[in-house]
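Dear colleague,

I am passing on the structure below, and after it I set out what was found. Please keep the sequence beside you while you read.

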Amino acid sequence: MSISVDWSELQPELIESIARKLNVHKDYVRFRAVCSNWRKSTSKTPKHLPCQLPWLMLPQTNNQNRQSHLRAFFSLSDNKIYRLSLPEASNIRRRCGSSHGWLVILEETPAVFLINPLTRVKHHLPPLSSFPNVTKFNFYDVGREYTLKSSEGDIYTCNLKEMRDSFIKKVVFSSSPSDSDSDYFALAILNQTGDLAYCKKDDSSWKFIDNAQSYCEDAVYHKGCFYAVSKYGTIAVCDVSGGLPNVSFIQTPPQVGGDMQYLVSLDDELLLVTRYLELGFDVDQHQLDIFYKTTEFRVYKLVLNGPKWESLSRLHEWALFVGENSSMAFRSSDFQGCKGNQIYFTDDYSEWNYDGADGDHDLGIYDLEDSSVVALPCYPRKFYNGRRWPPPIWITPSLH
């Protein structure tokens, strides 16, 4: 005799226990979609889910209306493209980083906000007008709305578009902004001055980190502090948890060569990823396009006994993701869709990534085994006719 079981009537404690065994976002979403009881018995913002393999947020295509609210995201894990409603990331706005599953968005106002593309939750950071080197903002002073002061004391002005496009290079977070149990910190790298500025959750203004001006290549939150790297591989360790930032330095021997530097936190270790570029020229239909192309990556591990950067020839099962995003490392055995000993990269040279630039985006997969570069499966060479703005960016899908 068969016994009929109504699975929708399971006890909430049992439903929650089963849900906590799920490790993939889409499985968790589908689990909650089974029935109203399962949905009520599980959290809408699960914190137990591990960090997911990044999605690649794609630029809009030629046949897409510039005001379209849909944005395409390519998932490496299942080799699919998902389209999400995200009017906040329209082409009249600019991103300046992704961190912990959140995009940082700038527009032609002082506002700085962040949004989670999956949950659509939005938070605000202190405005551009609150940076210490912005002495005045007047919306009605058309074409020179911002008045700024250089480190040498010179006064100059910027318009709304210039501030949107070139003031901030990248913003990284210490933790997810949605975590209500703890405060988070944001660190901004400024493009032109090389300053580092930070703010805490609910702060009304940004504060500079003194003495760390030249450590502006990249930054990552590692072991309770922000680590920032200079062009030569030296490190500023910035502890911003107290009343005033406490800065110490790790003076490694200068790294020779390389055009860009990235910092990656891998378990308890800190990696330096050096990127090499070459300048190229493309003549098409009597038009000369100038572009950059990545030719090589080199990876180093920080050894504090010295201190020094120790060259690594292999990453074994680890895959790295670098670009405009907060740099990340993932164990390939934990995910489908990526391979170990590879670096997944997008372009983030600020002066080339804005409206009107021509040529292909410089992104792909670099294999440390044979030093080869191959195209991403969703983005073969010449996939787009001309450059689309903004460039692709890695973002980790997150439900909280």
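**The pockets**

The lining of the second largest pocket divides into 13 nonpolar, eight polar and five charged residues; here Ala, Val, Leu, Ile, Met, Phe, Trp, Tyr, Cys and Pro count as nonpolar, Asp, Glu, Lys and Arg as charged, and the others, Gly among them, as polar. The model is a predicted one, in which local features need pLDDT of at least 70 and side-chain atom pairs count only at pLDDT 80 or more, while totals for chains, interfaces and linings use all residues. Residues are numbered from 1 along each chain as its sequence is written, and side-chain values use heavy atoms, with hydrogens and water left out.

This second largest pocket holds about 650 Å³ of space (a volume is the space filled by probe spheres set on grid points, which are joined across faces, edges and corners). Its lining has 26 residues, and those that lie nearest its centre are Val-24, His-25, Lys-26, Gln-52 and Trp-55. (On a 1 Å grid over the protein atoms alone, a pocket is an open set of points with protein on both sides within 12 Å along at least five of seven lines, a cavity is a set where a 1.4 Å probe fits but cannot get out, and lining residues have an atom within 4 Å of a point.) Helix H2 (25-32) and strand E3 (80-85) each give at least two residues to this lining, and H2 gives the most, with five residues. (Helices, H or I of at least four residues, and strands, E of at least two, are DSSP runs numbered from the N terminus.)

The largest pocket contains about 750 Å³ of space. Of the 35 residues in its lining, Cys-51, His-100, Met-328, Phe-330 and Thr-396 are the closest to its centre, and the elements that give two or more residues are strand E11 (168-173), E15 and strand E24 (328-331). By class, this lining has 15 nonpolar, 14 polar and six charged residues.

**The cavities**

Under the cavity rule, four cavities of 30 Å³ or more are counted.

Strand E1 (residues 55-57) and strand E2 (residues 70-75) are joined by three bridges in the antiparallel sense, and Trp-55 has Ser-75 as its bridge partner in E2.

A second open sheet of four strands runs in the order E15-E16-E17-E18, again with antiparallel pairing. Its edge strands are E15 (218-222) and E18 (246-250), each of which pairs on one side only. Five bridges link E15 to the antiparallel strand E16 (residues 225-229), and His-222 is opposite Cys-225 in E16. The loop between E15 and E16 holds Lys-223, which has a positive phi of about 55° although it is not a glycine. Lys-223 is exposed, with a relative accessible area of 58% (buried means under 20%, exposed over 50%, and partly exposed in between, with a 1.4 Å probe and protein chains only).

**Backbone and cysteines**

Most residues other than glycine have a negative phi, and most peptide bonds are trans. His-100 also has a positive phi, near 55°; this residue is in the loop between strand E4 (94-99) and strand E5 (102-106), and is partly exposed at 37%. The peptide bond from Gly-306 to Pro-307 is cis, with omega near -20°.

Finally, the count of disulfides is zero (a disulfide is a pair of cysteine sulfur atoms within 2.5 Å). Cys-96 is buried, with a relative accessible area of 0%, and Cys-199 is buried too, at 1%.

With best wishes

Technical notes. Pairing = 2+ DSSP bridges.
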